[in-house]
Amino acid sequence: MMTWANMQADVAAPTTHEAEIEIKLDARHVNFFYGDFQALQDASLAVQARKITALIGPSGCGKTTFLRIFNRMHDLTPGTRATGEVLLDGHNVLSPDIDVINLRRQVGMLFQRANPFPKSIYDNVAYGPHILGWSKQQISEIVEESLKDTGLWEEVKDRLQRSALNLSGGQQQRLCLARALAVKPEVILMDEPASALDPIATLRIEELMQELKKRYTIVIVTHNMQQSARVSDFTAFMLMNERRAGEVIEFGPTDDIFNRPKDSRTEDYITGRFG
Amino acid sequence: MATTRTLFDQELAELKSGVIRMGSMVEQAIAESMRALVDRNNALAKEVIARDQEVNELHRQLRERAFMIMATQQPVARDLRLIVSFQHMVLELERMGDHAVGIARAALRLNDLPQLKPYIDLPRMAEITESQVHEILGAVIEADQDRARAIAERDDDVDVLYHKIWDELVGFMVQDPANVQRAAILLFLAKDLERIADRVTNIAEDVVFLHTGRIVELS
């Protein structure tokens, strides 16, 4: 007999007109290995342009691994290997002949803990454009624009030459975001960007994300399910399979994942009955 | 997968148990208010009116409990649907209790007057309505949306009887102005029964919502 405990939503999610969809990042059947250990199995995800896509799931399910594949951050870890395809505007970023430096300019990243360089506020944001060889005038303009985009300009415009390490945790995280924006990325990957921040700083980051998604495609890994429900347009739920490899269990509009999940494992996880 | 939210599950179970208890109280109130009319029993009518305070108090407690669970447990998906539905159900039940009081008050006024006509269709209407209330509580307990939909369909039978009673009572009024007062009271009483059946339909919609996450119109 159906009971409250095992009841599942049984109505299909509303469909979106295909003509309206622009896929920015398309991960297809991605497998990932740390040496002999498979950390990700057959993971597919179509990330829509100018939307926020959240990856949720328990620790060790491969969320961060999946995220880091999108801009080949895994290349920095010896003994790793990715198979399958991750298409960025139709080009496979896993291809060996891809320009990884350019890829990371196109696909920026914000980490769990703010990691400003031990330099001035200005130099932190100017670092990427400087490496790319932009003119001083261009750099000056992009520094101001990026700081404005992250809501930091009014807070720091009078102390741009002071050390970035003197900023608060929330400000440092927004500075790192400004640093990522300064090189004009198309996609921003965020790996638990607010997990070390207080609730007010967290809300500022979340509000910022809503602004930024008008121009950028955002993929966020978060352990905070309320955050995922609040900020994202789409949510993917990931879980380790019996071989301890991460899989995408369910992917869809956030409204459906949090209100009418189709898979009982998703429902168990988001309602806190997983463990 | 192991359950890891024992306290939360216990709170939900207590909330559900409170909803069912409130439903039973309202079911009894409706049945007794009609018996007070048919048996011309003023003492019973007064009991129904007095006991409505208990229903109101339980309603208040359940709303507070639901609010507390939402504030502290941050429910989502089926848990959220469950709490939101229960909140709505207790509101409907509280209003049903008010309708039972309406019937009891009508009985008090009618019992002091000569009976306008033998009560035939009103008890039939009440019988269907009472069984709807009883069965919708069963559908809530068993989370049975098919049963809920079937119960809601019986609202049509209540409506047919209501219109029949309406026509008949208006006929009495037209026939003799001396009938107007009693017929008018009986019309209000029939309306109370008809509204109870409508509220059963609303609860049936909640049961469907619990399953599907979609708000449906069953009437």
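Modeller: Fine, and keep in mind that the model is predicted. I'd start with A:Arg72, which sits in the loop between helix 1 (63-69) and strand 4 (80-88) of chain A.

Colleague: What is phi of A:Arg72 near?

Modeller: Phi of A:Arg72 is near 60°, which is a positive value in a residue other than glycine.

Colleague: Is A:Arg72 buried, exposed or partly exposed?

Modeller: A:Arg72 is partly exposed: 18 other C-beta atoms lie within 10 Å.

Colleague: Other chain now. Which residue of chain B takes a positive phi just after helix 1?

Modeller: B:Arg40, with phi of about 55°. Another residue with a positive phi is B:Ala77, also not a glycine, where the value is near 50°.

Colleague: Where is B:Ala77 placed?

Modeller: In helix 3 of chain B, which covers residues 77-111.

Colleague: And is B:Ala77 buried or exposed?

Modeller: B:Ala77 counts as buried, because it has 23 C-beta neighbours inside 10 Å and the cut-off for buried is 20 or more.

Colleague: Back to helix 1 of chain B. How far does it reach?

Modeller: Helix 1 of chain B takes in residues 6-38, 33 residues in total, and from first C-alpha to last it reaches 48 Å. That is close to the 48 Å expected at 1.5 Å a residue.

Colleague: How many helices and strands are there in chain B?

Modeller: Seven helices and zero strands. Read from the N terminus, the order of elements is α-α-α-α-α-α-α. The C-alpha trace of chain B spans about 70 × 30 × 20 Å along its principal axes.

Colleague: What about the secondary structure of chain A?

Modeller: Chain A has 10 helices and 10 strands. Its radius of gyration is 19 Å, close to the 19 Å from the globule rule for 275 residues, so chain A is as compact as a globular protein of that length. The box filled by its C-alpha atoms is roughly 70 × 40 × 40 Å, taken along the principal axes.

Colleague: What share of the residues in chain A is buried?

Modeller: 43% of the 275 residues in chain A are buried. For chain B, the buried share is 42% of 219 residues.

Colleague: Last topic, contacts. What share in chain B joins residues at least 24 apart?

Modeller: 80% of the chain B contacts between residues at least 6 apart in sequence. In chain A, 69% of contacts with a separation of 6 or more come from residues 24 or more positions apart.

Methods: Residues are numbered from 1 along each chain as its sequence is written. Chains are lettered from A and ligands numbered from 1 in the order in which they are written. This is a predicted model: local features need pLDDT of at least 70, side-chain atom pairs count only at pLDDT 80 or more; totals for chains, interfaces and linings use all residues. Helices (H or I, at least four residues) and strands (E, at least two) are DSSP runs, numbered from the N terminus. The radius of gyration is taken over C-alpha atoms; the globule rule is 2.2 Å times the number of residues to the power 0.38. A residue is buried if 20 or more other C-beta atoms lie within 10 Å of its own, exposed if 12 or fewer, and partly exposed in between; C-beta atoms are placed from the backbone. Two residues are in contact if their C-beta atoms, placed from the backbone, lie within 7 Å. The expected span of a helix is 1.5 Å times one less than its number of residues.
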